[in-house]
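Visitor: I would like to go through this model piece by piece. Please show it, and then take my questions in turn.

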Amino acid sequence: MGKSKKQAREFNAAKESAAATNSRLETCNDAYTSGAFKYLRFLVHLVAAAQFSYGMYYHYYRVHWPTDLLDEAELKARWGGKFKYLTFLDVILQAMYHSLALLNDIFGDNKVCWNTESRLRSTRDYVFAAFAFPVAHNVCLSFWVIYIWDRELIFPSALDAIFPSWLNHVVHTNVALLAIMDLFTCFRRYPSRLAGIMGNVSFMLLYIIWLHIVKYFSGEFVYPILEVLPVYLRYLFLALLVGFNLACYLLGEFANNVIWGPEFKLLNQQKVKQG
């Protein structure tokens, strides 16, 4: 009889604990999916999608190389167009990602949960983890480090006359800042480490292959720094670029786990108590 009472007390305590955990998750979701937090997330995605879409348009249609180039120089500038620059590819990526996130805010799911039935959200989370966050930080950090060291190797001063300062910050600074804001406003589960790294590394390897295709047809590398480096340092530099992009992926995963640690803890508690 005593044992039965003890088991009943343990069962009731476990039931109350599970109910308390579920209640805390519901409270968390109420705050997260409605009110000020909901509108802040929507505003971040709206501003980012509009800014990067306009930046992409302005970059492509309004920024023009000088018209007095010699034929050989004109060919080098023309082959591959602006699609040969990682910066331009990244601003396209950011515009696509934040537009996708905006659609998810309207039609998808933003709840704190282990699994979601929303394909919009699943796609949003993978694109952010494997591509949007790491490439944005790769572009931002590598650009400004080389710019401070010797800007002529990455963004020659002659470009100041045709490439406005505000656009420079949109494509080289705001990409990282808005990715960080997204990290703080969107709960997400990162993909498996293998799936995320495969997508991340594949993106950079394809870009390096594209760089060499442009080099083959135009006669010179996109970035002057690749021309001045000896061959062994050039490929060490490219390998470091891939490694740095991977490090940015791991940084995003770590930051996501730290920022959303309390929510992950609640979900783990719920899983244990339900299992």
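Visitor: Leaving aside neighbours within four places in sequence, which residues is His 172 in contact with?

Guide: This is a predicted model, in which local features need pLDDT of at least 70, side-chain atom pairs count only at pLDDT 80 or more, and totals for chains, interfaces and linings use all residues. Residues are numbered from 1 along each chain as its sequence is written, and side-chain values use heavy atoms, with hydrogens and water left out. His 172 is found in helix 6, where helices are DSSP runs of H or I with at least four residues, numbered from the N terminus. With contact meaning heavy atoms within 4.5 Å, the partners of His 172 are Thr 87, Val 139, Cys 140, Phe 143 and Trp 144.

Visitor: Is His 172 buried or exposed?

Guide: Buried means under 20% relative accessible area, exposed over 50%, and partly exposed in between (1.4 Å probe, protein chains only). His 172 has 3% relative accessibility, so His 172 counts as buried.

Visitor: With which side chain does the side chain of His 172 make a polar contact?

Guide: A polar contact is a pair of N or O atoms within 3.5 Å; within protein, one must be able to donate a hydrogen and the other to accept it, and residues adjacent in sequence count only if both atoms are side-chain atoms. At 2.5 Å, the partner of the His 172 side chain is that of Asn 168.

Visitor: Which helices do the buried residues of helix 6 pack against?

Guide: The buried residues in question are Leu 167, Asn 168, Val 170, Val 171 and His 172. They pack against helix 2, helix 4, helix 5 and helix 7.

Visitor: How far does helix 8 reach from its first C-alpha to its last?

Guide: Helix 8 has 26 residues. The expected span of a helix is 1.5 Å times one less than its number of residues. The reach of helix 8 is close to the expected 38 Å, at 38 Å.

Visitor: How far apart in space are Asn 200 and Asn 245, C-alpha to C-alpha?

Guide: Asn 200 has its place in helix 8 and is buried, with a relative accessible area of 0%. Its contacts, leaving aside neighbours within four places in sequence, include Pro 134, Asn 245 and Tyr 249. Asn 200 and Asn 245 are 45 residues apart in sequence, and their distance in space is 7.4 Å.

Visitor: How many disulfides are there?

Guide: A disulfide is a pair of cysteine sulfur atoms within 2.5 Å. The count by this rule is zero.

Visitor: How far from the sulfur of Cys 140 is the nearest cysteine sulfur?

Guide: Cys 140 is buried, with a relative accessible area of 11%. Cys 248 also counts as buried, at 3% relative accessibility. Cys 140 is in no disulfide, and the nearest cysteine sulfur, that of Cys 248, lies at 9.4 Å.

Visitor: What is the mean pLDDT of the protein?

Guide: pLDDT is the predictor's confidence in each residue, from 0 to 100. Over residues 69–76 the pLDDT is below 50. In the protein, 85% of residues reach 70 or more, and the mean is 87.

Conventions
Helix = DSSP H or I, 4+ residues; strand = E, 2+ residues; numbered from the N terminus.
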